[in-house]
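Hi,

Here is the structure I said I would pass on.

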Amino acid sequence: MLSSIGVPGLILILIVALVVFGPKKLPEIGKAAGQTLREFKNSARDLTGDAADDIKEVKAIVKGEESK
């Protein structure tokens, strides 16, 4: 998706954001966006970790039943 924007498009987006939000608000918006992405990444990692744990438990149960 971002590969189709290109450098000139990205520069234009940054200039429009600077004009709309101003130089004082732009760092705050960037910080908030970074924190949001970090939280999303951590949540996704937790979900995949939980799923992996559940899969390990099921495999252990199945192996335990096979040995009986």
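**What I found**

The chain has one helix and zero strands; helices (H or I, at least four residues) and strands (E, at least two) are DSSP runs, numbered from the N terminus. Bear in mind that this is a predicted model, where local features need pLDDT of at least 70 and side-chain atom pairs count only at pLDDT 80 or more, while totals for chains, interfaces and linings use all residues. Residues are numbered from 1 along each chain as its sequence is written, and side-chain values use heavy atoms, with hydrogens and water left out.

**Overall shape**

The radius of gyration of the chain is 23 Å, whereas a compact globule of 68 residues would come out near 11 Å. That radius is taken over C-alpha atoms, and the globule rule is 2.2 Å times the number of residues to the power 0.38. Along the principal axes, the C-alpha atoms fill a box of roughly 70 × 25 × 10 Å.

K63 and G6 are 57 residues apart along the chain, and their C-alpha atoms are separated by 52 Å. I15 and T36 are 21 residues apart in sequence, with 23 Å from C-alpha to C-alpha. Both K63 and I15 sit in helix 1. K63 is exposed at 60% relative accessibility, while I15 is partly exposed at 47%.

**Surface**

How much of the chain is buried? Buried residues make up 3% of the 68, where buried means under 20% relative accessible area, exposed over 50% and partly exposed in between (1.4 Å probe, protein chains only). The chain exposes about 6,300 Å², and carbon and sulfur atoms supply 68% of that. Accessible areas come from the Shrake-Rupley method with a 1.4 Å probe; for residues, only the protein chains shown count as cover.

There is a nonpolar surface patch made of L12, V16, V20, F21 and I29, with about 460 Å² of accessible area together. Patches take residues with over 30% relative accessible area and no salt bridge, joining like charges within 9 Å and nonpolar side chains (Val, Leu, Ile, Met, Phe, Trp, Tyr) within 5 Å.

**Charges**

The chain carries 10 positive and 9 negative side chains, and the centres of the two sets lie 11 Å apart. Lys and Arg count as positive and Asp and Glu as negative, leaving out His and the chain ends; each charge is placed at NZ of Lys, CZ of Arg, CG of Asp or CD of Glu.

D46, D50, D53, D54 and E57 form a negative surface patch. One of them, D53, is found in helix 1 and is partly exposed, at 40% relative accessibility.

Which side chains meet in a salt bridge? Those of E28 and K25 do, at 3.5 Å, N to O. The rule asks for a side-chain nitrogen of Lys or Arg within 4 Å of a carboxyl oxygen of Asp or Glu, and by it the count comes to one salt bridge. E28 and K25 are three residues apart in helix 1 (residues 6-67), so about one helical turn separates them. E28 is partly exposed at 47% relative accessible area, and K25 is partly exposed at 45%.

Cheers
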